[in-house]
Amino acid sequence: MEYRENALNYEDYCTLRKSVDWQLFSEDQMQRALNNSLYTVSVVEGEQMVGMGRLIGDGMYYMIADIVVNPAFQKYGIGTNITNMLLKYVEDKTLVGGRSSIQLIAEKGKESFYEKLGFKLIPHDFCGSGMRKVVRK
Ligand SMILES: CC(C)(COP(=O)(O)OP(=O)(O)OC[C@H]1O[C@@H](n2cnc3c(N)ncnc32)[C@H](O)[C@@H]1OP(=O)(O)O)[C@@H](O)C(=O)NCCC(=O)NCCS
């Protein structure tokens, strides 16, 4: 199994989203999103796309998006490996004495996957709820 950095392309991105029944965005949006990613990880076994993850951010705030493992390959630690690579990217970019905040929205029921990777559920004592607004046109 090969873990590739910054090699996630449009076709593979669509294939993996479809493998877990996630809706696609428009082609233009998806191409721009891939181009604007800070860092991507894609996982390949032979000819088959197995998984992916993306990191978006500005050096202080980061967002993890599109952590997907093809159902045939789930529960083998691949999602953990992908997420750890994204976390290591932020760790490497954060200077000594500095701090960075990494955010994500867990799919319903997937919170424990991220808790095992060190994420805390919000709200908690120091933090209100995460919020989001979806724009449709
Ligand atoms: C969530 C997902 C990425 C996990 O990938 P994976 O490679 O199967 O996960 P791992 O094998 O690395 O599992 C790591 C741990 O998380 C747990 N875990 C895995 N899938 C889980 C799930 N669906 N719900 C809760 N916990 C889960 C595992 O039990 C494992 O714990 P353990 O080490 O104590 O056994 C994968 O199921 C997936 O792609 N799901 C569909 C897309 C999705 O929901 N992505 C997350 C978006 S927020």
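## Basis of the description

Residues are numbered from 1 along each chain as its sequence is written. The model is predicted, and local features need pLDDT of at least 70, side-chain atom pairs count only at pLDDT 80 or more, and totals for chains, interfaces and linings use all residues.

Helices (H or I, at least four residues) and strands (E, at least two) are DSSP runs, numbered from the N terminus.

## The sheet

Five strands make up an open sheet with mixed pairing, in the order β1-β2-β3-β4-β5; two strands pair if DSSP finds at least two bridges between them. At the edges stand β1 (2–5) and β5 (101–103), each of which pairs on one side only. On average, neighbouring strands are turned by 20 degrees against each other, direction ignored; the axes are lines fitted to C-alpha atoms, for helices over the stretch in contact, and angles run from 0 to 180 degrees between N-to-C directions.

The pairing of β1 with β2 is antiparallel over four bridges, and Glu 5 stands opposite Val 41 in β2. Strand β2 (residues 39–45) is also antiparallel to β3 (residues 48–57), over seven bridges. Across this second pairing, Tyr 39 faces Leu 55, Thr 40 faces Arg 54, and Val 41 faces Gly 53. Strands β3 and β4 are antiparallel over six bridges, with Met 52 having Val 68 in β4 as its bridge partner.

## The two hairpins

Two residues lie between β2 and β3 in their hairpin, and Gly 46 in the turn has a positive phi of about 60 degrees. Three residues separate β3 from β4 in a hairpin of their own, where Gly 59 in the turn has a positive phi of about 100 degrees.

Helix α3 lies across β1, β2, β3, β4 and β5 and runs at about 30 degrees to β3. Strand β3 is largely enclosed by the rest of the structure, because seven of its 10 residues are buried. A residue is buried if 20 or more other C-beta atoms lie within 10 Å of its own, exposed if 12 or fewer, and partly exposed in between, with C-beta atoms placed from the backbone.

Beyond its neighbours within four places in sequence, Ile 82 is in contact with Val 41, Val 43, Gly 51, Met 52, Gly 53 and Ile 67; contact requires C-beta atoms, placed from the backbone, within 7 Å.

## Surroundings of the ligand

Of the 18 residues around the ligand, those that come nearest are Gln 74, Gly 79, Thr 80, Glu 107 and Phe 113; a residue is near if its C-beta atom, placed from the backbone, lies within 6 Å. The elements giving two or more residues to this shell are β4 (61–69), α3 (78–93) and α4 (111–115).

By class, the shell has eight nonpolar, six polar and four charged residues. Here Ala, Val, Leu, Ile, Met, Phe, Trp, Tyr, Cys and Pro count as nonpolar, Asp, Glu, Lys and Arg as charged, and the others, Gly among them, as polar.

How values were computed:
Two residues are in contact if their C-beta atoms, placed from the backbone, lie within 7 Å.
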